[in-house]
Amino acid sequence: MRICIYYHENDIKVGLVQGDKVVNIIAAYESFLINKGYSKEEAEETTDSLLLYPENIALTWNVLQHLVEELSEQLNVLAKAHSLSLNEVKLLPPLPQPQKIIGIALNYRDLAEQMNIEISDTPLFFFKAPSAIIGPYEPIEIPGNLKKVDYEAELVVVIKDIARNVSPDEAWDYILGYTVGNDVTAREIQYQDGKTLHSWSKSLDTFAPIGPWIVTGDEIKDPQNLRIKLWINDELYQDSNTRNMHRKINEIIAEASKYETLYPGDLIFTGTPAGTGFALNPPRYLRNGDVVKIEIENIGTLINPVKEI
């Protein structure tokens, strides 16, 4: 499944993405019930009683999964009457209110080689504030006093179930799916006065673009073999593959769960490859009017303009 959260007709809805269309899953299920013999009022009462949280769809994942399974063979037929073109709706962040966002620094071998440094034996975890989340096409806002705001294309993992002290082999079972993320970072905040302030530098408002949707894990044959690319104004800056991760996705989850209980909807940014702005010579930081596009194979494309405020 490709799950999106979208805004249409003054309402926030949960949708399934099929090609260039988004299906209103609740409206489709209501029609399904009417076809089974429910009155319109009964169908509306039933769908009104369903708990689907667009703020954090992972919390009600079982409900969504049940709806899709019950519709199964009829979904494609019902979708025709309850779908809109993606350009007719406003896509929102696919998971706008996680309990927490965890990131891991320096996790791609090609970035370490570009910077001529060794990857630490100890994983370098940090937090991003959930309040930093924005969705597709929303602007990355740069405070006017900051001149070294950087981009970082990343594969983002969405956690499905409560995970505490899980093994690497078990970790795969705790993944709901994947989305595209940009770990925007203010480098002059990150590195100042001889200190490294990862979390604060990465938690400014709008510094966590994610989207355009969540692709469930069953649709990704090998998440450790996905091409990841980033352009600024159509100029390619990052072009790598998730196989270049030093610590694999399941290892990151297992290691993090030793210290922090992971909850449904928690997001994990899994690191960025070579080509980030501060690692270039000369550096290339984000500027007012830039447009950043990130594409991850089999997942989707995330586009955000840059705006100085």
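Is T206 buried or exposed? I looked, and T206 is buried, with a relative accessible area of 9% (buried means under 20%, exposed over 50%, partly exposed in between, with a 1.4 Å probe and protein chains only).

A note to myself on the source: this is a predicted model, where local features need pLDDT of at least 70 and side-chain atom pairs count only at pLDDT 80 or more, while totals for chains, interfaces and linings use all residues. Residues are numbered from 1 along each chain as its sequence is written, and side-chain values use heavy atoms, leaving out hydrogens and water.

**T206.** I found T206 in the loop between helix 8 (198–201) and strand 16 (208–216); helices (H or I, at least four residues) and strands (E, at least two) are DSSP runs numbered from the N terminus. Leaving aside neighbours within four places in sequence, I see T206 in contact (heavy atoms within 4.5 Å) with A132, I134, P139, I140 and E141. A polar atom of the T206 side chain lies 2.8 Å from the backbone nitrogen of E141.

**Strand 16.** Next I followed the chain into strand 16, which is largely enclosed by the rest of the structure, because nine of its nine residues are buried. I then looked up its pairings (DSSP must find at least two bridges between two strands):

- Strand 1 (residues 2–8) pairs with strand 16 in the antiparallel sense over two bridges, and I3 stands opposite I214.
- Strand 8 (residues 133–134) runs parallel to strand 16, joined by two bridges; here I133 stands opposite A208.
- Strand 12 runs antiparallel to strand 16 with four bridges, and G177 stands opposite T216.

How values were computed:
Polar contact = N/O pair within 3.5 Å; in protein donor to acceptor, adjacent residues only side chain to side chain.
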